[in-house]
Amino acid sequence: MQEPPPKIAPLRFGMPSGPQPPKPLPPVPTDEPKSRRLSLFQLTNETCKWPHGNFPPFTFCGHPVELFSRYCPHHRKRGSTKPAVLKLPQFIAR
Ligand SMILES: [Zn+2]
């Protein structure tokens with residue numbers, strides 16, 4: 001037997017009512033190659049497997065891959081740009 005989830009009243013701290021202005025989209029890299037929109041069944045060992053879209057039917061970049069990579073040069077870079085350096089607090093870093 002499960003208890004119903006507690007109802008949480010919406011917080012109102014003087015927020016303006018009505019429609020909010022849309023948030024600006026994050027900047028898209030301008031050097032991104034135009035997707036060839038390949039389907040899953042069109043992918044080969046030589047095509048970039050970078051997915052596009054959040055809903056089916058999913059498509060893939062499809063550009064020629066870099067040697068020993070699953071992605072084209074552009075998407076290989078995009079996939080490896082996550083922050084790899086752990087930032088220490090100021091009192092430890094000194
Ligand atoms: Zn790609």
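Helices (H or I, at least four residues) and strands (E, at least two) are DSSP runs, numbered from the N terminus. This is a predicted model: local features need pLDDT of at least 70, side-chain atom pairs count only at pLDDT 80 or more, and totals for chains, interfaces and linings use all residues. Residue numbers start from 1 along each chain as its sequence is written. The protein has two helices and two strands. Their order along the sequence is β-β-α-α.

**Confidence**
- Mean pLDDT (the predictor's confidence in each residue, from 0 to 100) is 79 for the protein, and 70% of its residues reach 70 or more.
- Strand β2 (residues 59–60) has the highest confidence, at 94.
- Helix α2 (residues 90–93) has the lowest, at a mean of 68.
- Where pLDDT is low, the predicted coordinates should not be read in detail.

**Burial and contacts overall**
- A residue is buried if 20 or more other C-beta atoms lie within 10 Å of its own, exposed if 12 or fewer, and partly exposed in between; C-beta atoms are placed from the backbone.
- By that count, 11% of the 94 residues of the protein are buried.
- Two residues are in contact if their C-beta atoms, placed from the backbone, lie within 7 Å.
- Among contacts in the protein with a separation of 6 or more, 27% join residues 24 or more positions apart.

**The nonpolar core**
- A nonpolar core is a set of buried Ala, Val, Leu, Ile, Met, Phe, Trp, Tyr and Cys residues joined through C-beta atoms within 7 Å.
- The largest one here has seven residues: C48, W50, F60, C61, V65, Y71 and C72.
- In soluble globular proteins, nonpolar side chains tend to be buried together.
- C48 lies in the segment before β1. It counts as buried because it has 25 C-beta neighbours inside 10 Å.
- Leaving aside neighbours within four places in sequence, C48 is in contact with F60, C61, G62, H63, V65, Y71, C72 and H75.

**Exposed positions**
- E32 sits in the segment before β1 (51–52). It has 12 C-beta neighbours inside 10 Å, so E32 counts as exposed.
- E32 and H75 are 43 residues apart along the chain, and their C-alpha atoms are separated by 8.2 Å.
- L67 is in the loop between β2 and α1. L67 counts as exposed because it has 4 C-beta neighbours inside 10 Å.
- L67 and E46 are 21 residues apart in sequence; C-alpha to C-alpha, they are 9.0 Å apart in space.

**Backbone points to check**
- Most residues other than glycine have a negative phi, and most peptide bonds are trans.
- R37 is not a glycine, yet has a positive phi of about 50°. R37 is found in the segment before β1. It is partly exposed because 14 other C-beta atoms lie within 10 Å.
- F68 also has a positive phi, of about 60°, although it is not a glycine. F68 is placed in the loop between β2 and α1 (73–79). With 6 other C-beta atoms within 10 Å, F68 is exposed.
- The peptide bond from P56 to P57 is cis, with omega near -5°. P57 is in the loop between β1 and β2.
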